[in-house]
Amino acid sequence: MKYKIKILFPILTSIIVGLLIAVLVNAWTNPSQAPSGGGGALYYSGGNVGIGTTSPTTALTVGGTN
């Protein structure tokens with residue numbers, strides 16, 4: 001019985017950790033909602049992020065020179 005536990009515990013732990021990492025990576029790379037407003041300077045539109053612009057046209061669009 002102890003031998004089975006010694007084998008199964010690392011396997012189950014690896015599976016659980018792997019699934020947790022997969023969920024976290026998916027949540028990080030595929031957000032389900034826009035990020036917080038950041039004081040009105042950060043905008044999210046159709047997968048694009050804009051700083052200083054309300055209509056980002058690329059993955060990251062920065063408006064202004066400051």
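**Burial, surface and confidence in a predicted model**

Colleague: What share of the 66 residues in the protein is buried?
Modeller: Buried residues account for 8% of the 66 in this protein. Please note that the model is predicted.

Colleague: Which residues form a nonpolar patch on the surface?
Modeller: The patch consists of Tyr-3, Ile-7, Leu-8, Ile-11, Leu-12, Ile-15 and Leu-19. Together they have about 710 Å² of accessible area.

Colleague: Take Leu-19. Where is its place?
Modeller: Leu-19 lies in helix α1, which spans residues 2-29.

Colleague: Why does Leu-19 count as exposed?
Modeller: Leu-19 counts as exposed because its relative accessibility is 55%, and the exposed class begins over 50%.

Colleague: Of the contacts between residues at least 6 apart in sequence, what percentage joins residues at least 24 apart?
Modeller: The figure is 0% for those contacts.

Colleague: What is the mean pLDDT of the protein?
Modeller: The mean is 76, with 71% of the residues at 70 or more.

Colleague: Where is confidence lowest, and where highest?
Modeller: Strand β1, residues 42-45, is lowest with a mean of 76. Strand β3, residues 60-62, is highest at 87. Where pLDDT is low, the predicted coordinates should not be read in detail.

Technical notes:
Residues are numbered from 1 along each chain as its sequence is written. This is a predicted model: local features need pLDDT of at least 70, side-chain atom pairs count only at pLDDT 80 or more; totals for chains, interfaces and linings use all residues. Side-chain values use heavy atoms; hydrogens and water are left out. Patches are made of residues with over 30% relative accessible area and no salt bridge: like charges are joined within 9 Å, nonpolar side chains (Val, Leu, Ile, Met, Phe, Trp, Tyr) within 5 Å. Accessible areas come from the Shrake-Rupley method with a 1.4 Å probe; for residues, only the protein chains shown count as cover. A salt bridge is a side-chain nitrogen of Lys or Arg within 4 Å of a carboxyl oxygen of Asp or Glu. Helices (H or I, at least four residues) and strands (E, at least two) are DSSP runs, numbered from the N terminus. Buried means under 20% relative accessible area, exposed over 50%, partly exposed in between (1.4 Å probe, protein chains only). pLDDT is the predictor's confidence in each residue, from 0 to 100. Contact means heavy atoms within 4.5 Å.
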